[in-house]
Amino acid sequence: MSAALNQSNSSKFQVSEFILMGIPGIHTWQHWLSLPLALLYLVAIAANLLILITIYQDTTLQQPMYYFLGILSVVDMGLATTIVPKILAIFWFNANAISLPECFAQIYAIHCFVGMESGIFLCMAFDRYVAICHPLRYPSIVTNAFVIKGTLFMVLRNGFLVIPVPVLAAQRNYCSRNEIDHCLCSNLGVTSLACDDRRPNSICQLVLAWVCMGSDLSLIILSYILILRSVLRLNSAEAASKAFSTCSSHLTLILFFYTVVVVISVTHLTETKATLIPVLLNVLHNIIPPALNPMVYALRTKELRAGFRKVLCLGFGEK
């Protein structure tokens, strides 16, 4: 009877906090990664703020294509800020502990921002599809109202659909281990500590990935197939080159974003425990796109480069 009572008490016991151990395999020197990580974070925040200021001040950029880019900048800053300050606190101050509510909130925020980034990429692909395939109808289809409705839909879609992920994680029984071999709260990393069945969490995440990001990627691919077909029908080589140029920056970011998502998913499915490569990829996937997106658009978009020069010259001029 005493043994049964002890077993019952242990099954009901819940750990009060998780310990984020950092990047597996390099715990002894992982603090050296804080410098490039902090630099990437500062670049991401500064570059995305510059995009927002440029779009706000340059009236020639106040059109749907750049509004979506501005919304992407807000999402990127939110995603980076969700994880980087905590990782830097772990590396610099050994602040490895994180409460259960904070951990589940981070799971929610990461899934929400990643889903919104995927959704904004879809909106941008549709914008390019209409601009290239139906240029005469573009002003009447892709309006400011369309940007607001599209953004609101993506916020609500991801805000509500990802709620089951942290809720199911919070319902698990964490009765013994509390050390997560990661530097952020990933759903699979956290639920791997559960003493009960975590299959509902894995199934939920898989279904959400297919419903949200899978459908986004399918529609993006369809959009670019239609764009490619339309471009190949153009008689003018100059017009075809211009059409490809307007899409190249978007395609570069999409390829990087979804390639890393697929690699992370495959490594999580094949690995039985957290290892260096999937954990490092998971961290970099949340910080490199926010820093990379503004740079790619700045390099590939002449109008945006001109806007940057105006803003920077104005700022220096006032000084």
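A crossing of two helices is left-handed if the near helix is turned anticlockwise from the far one by less than a right angle, and right-handed if clockwise. The exercises below use this predicted model, where local features need pLDDT of at least 70, side-chain atom pairs count only at pLDDT 80 or more, and totals for chains, interfaces and linings use all residues. Residues are numbered from 1 along each chain as its sequence is written, and side-chain values use heavy atoms, with hydrogens and water left out.

**Exercise 1. Describe how α4 and α9 cross.**

Solution. 
- Find the helices. Helix α4 covers residues 100-133, and helix α9 covers residues 199-232. Helices are DSSP runs (H or I, at least four residues), and strands are too (E, at least two), numbered from the N terminus.
- Take the axes, which are lines fitted to C-alpha atoms over the stretch in contact. They come within 9 Å and cross at roughly 20°.
- Name the angle. Angles run from 0 to 180 degrees between N-to-C directions. Under 35 degrees counts as roughly parallel, over 145 as roughly antiparallel, 65 to 115 as roughly perpendicular and the rest as oblique. α4 and α9 are therefore roughly parallel to each other.
- The crossing of α4 and α9 is left-handed.

**Exercise 2. Sort the residues where α4 meets α9.**

Solution. 
- List some contacts (heavy atoms within 4.5 Å). The α4 side includes H111, F121 and R128. The α9 side includes M213, D216 and Y224.
- Sort by type. Ala, Val, Leu, Ile, Met, Phe, Trp, Tyr, Cys and Pro count as nonpolar, Asp, Glu, Lys and Arg as charged, and the others, Gly among them, as polar.
- Read the tally. The contact has 14 nonpolar, seven polar and two charged residues.

**Exercise 3. Inspect salt bridges of this structure.**

Solution. 
- Start with the count. There are five salt bridges (a side-chain nitrogen of Lys or Arg within 4 Å of a carboxyl oxygen of Asp or Glu) in the structure.
- Look at R128 and D127. Their side chains meet at 2.7 Å, N to O. Both are buried. Buried means under 20% relative accessible area, exposed over 50%, and partly exposed in between (1.4 Å probe, protein chains only).
- Move to D216 and R157. Their closest N and O atoms are 2.9 Å apart. D216 lies in α9 and R157 in α6, so the pair ties together parts 59 residues apart in sequence. D216 and R157 are buried.
- Finish with D196 and R172, at 3.4 Å between the closest N and O atoms. D196 is partly exposed at 31% relative accessibility, whereas R172 is buried at 11%.
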